[in-house]
Amino acid sequence: MDIVVFEAEEWEAKACAALTPHHTLSCTKAPLRRDTVGAYAMAEAISPFVESDLRRDVLECLPRLKLIATRSTGFDHIDLAYCRSAGVTVCNVPDYGDHTVAEHAFALLLSLIRKIPEAGDRVRRGDFSTRGLRGFELAGKTLGVIGAGRIGRRAIEIGRGFSMEVLAFDMAPDLQAAQDLGFQYVDFVDLLSAADVITVHVPGGGGSQGLISDPEFALMKPGAILINTARGGVVDPEALIRAIDSGRLGGAGLDVIAEEKALRDEAEIFRSGSGLQPDQLRTMIADHALLRFPNVLITPHIAYDTREAVGRIIDTSLANIEAFAQGAAQNVVR
């Protein structure tokens with residue numbers, strides 16, 4: 001097959017060389033874009049990461065495309081309806097980051113409740129005062145896990161390791177897992193109202209879009225902490241601002257934000273055919289406003305990014321491509 005790997009770092013390009021004995025391979029650091037897709041019209045398989053534009057109008061410019069092997073677990077950035085209609089198989093990497101993402105969720109949480117960024121900044125300035133830096137401990141607090149899949153269950157294990165009580169909400173409860181790990185399934189409303197800390201581990205897509213907004217924040221305990229390492233669209237940023245600004249929410253740790261892609265390249269707003277709508281621009285402004293709050297900690301979508309995890313990503317992606325080429329596609333998304 002003619003294969004193009006997008007958003008490829010140098011080490012990834014070297015790893016992808018394993019495909020060359022049987023395939024034609026091209027690697028580029030750039031993401032796939034509408035204005036550059038014409039250069040890749042011969043591609044039969046592409047392997048993008050999360051910054052590539054995989055909407056219908058872009059994919060339609062790849063007439064020979066048979067496979068998208070996304071180097072991510074999430075696939076909400078891909079137009080699956082088009083892929084189904086065009087006979088394009090989509091494969092993902094389902095389980096590379098269970099430990100990695102859950103650990104980052106707790107890194108955000110601990111940084112917030114112990115005010116580590118502010119404390120570190122003070123010391124670098126030669127200020128060793130402790131005023132305003134008092135935090136709280138996790139032991140005995142209630143952790144609410146929204147989405148008890150692989151990552152959510154790892155977060156549960158970590159929470160239990162901190163001697164937290166754990167509640168979980170999931171559309172498909174696994175009672176054996178609850179017994180083994182020592183947590184309790186509850187409905188969504190009960191979780192929101194009981195948890196001191198809420199961590200979100202649901203997939204992206206229509207069902208989870210705007211899952212947490214004004215009504216959900218109103219149900220939360222005053223001073224609760226929200227952690228989101230899932231997808232930016234799961235949390236309504238305007239509602240989050242209102243919850244933080246009013247003091248209803250004690251803090252938020254975010255590795256993802258709703259208009260992350262546009263914020264990474266704000267010049268995109270002014271490019272012809274950017275397609276950004278007024279509501280998207282409003283969300284971008286909200287994302288910017290969140291940066292002003294001292295009790296909001298935002299990292300640049302790095303929860304997945306450890307040496308171990310990225311190694312698993314590339315290994316699984318290459319295996320997905322080879323399996324498809326041999327007529328035995330694996331990790332095919334719905």
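## Thr-70 and its surroundings

The side chains of Thr-70 and Ser-72 make a polar contact at 2.8 Å (a pair of N or O atoms within 3.5 Å; within protein, one must be able to donate a hydrogen and the other to accept it, and residues adjacent in sequence count only if both atoms are side-chain atoms). This is a predicted model, in which local features need pLDDT of at least 70 and side-chain atom pairs count only at pLDDT 80 or more, while totals for chains, interfaces and linings use all residues. Residues are numbered from 1 along each chain as its sequence is written, and side-chain values use heavy atoms, with hydrogens and water left out.

Thr-70 is found in the loop between β4 and α3 (80–86); helices (H or I, at least four residues) and strands (E, at least two) are DSSP runs, numbered from the N terminus. Thr-70 has a relative accessible area of 0% and is therefore buried (under 20% relative accessible area, with exposed over 50% and partly exposed in between; 1.4 Å probe, protein chains only). Apart from neighbours within four places in sequence, the residues in contact with Thr-70 include Pro-48, His-77, Cys-91 and Ser-317 (contact means heavy atoms within 4.5 Å).

## Parallel sheet

Five strands form an open sheet in the order β2-β1-β3-β4-β5, with parallel pairing (two strands pair if DSSP finds at least two bridges between them). Because β2 (24–27) and β5 (89–91) stand at the edges with a single partner strand each, one side of each is left without a neighbour in the sheet. From one strand to the next, the twist averages 15 degrees (axes are lines fitted to C-alpha atoms, for helices over the stretch in contact, and angles run from 0 to 180 degrees between N-to-C directions).

Strands β3 (residues 45–47) and β4 (residues 67–69) run parallel and are joined by 2 bridges. Ile-46 stands opposite Ile-68 in β4. Helix α13 (residues 307–325) packs on the sheet and touches β1 (2–5), β3, β4 and β5; the direction of α13 makes about 160 degrees with that of β4.

## Aromatic pairs

The structure holds 5 aromatic pairs (rings of Phe, Tyr and Trp, its six-membered ring, with centres within 6.5 Å; planes under 30 degrees apart count as stacked, over 60 as edge-to-face and the rest as tilted). One of them, Phe-169 with Phe-188, is tilted, at 5.3 Å centre to centre and 50 degrees between the planes. Phe-169 lies in strand β7 (residues 165–169) and Phe-188 in helix α8 (residues 188–194), so the pair ties together parts that are 19 residues apart in sequence.
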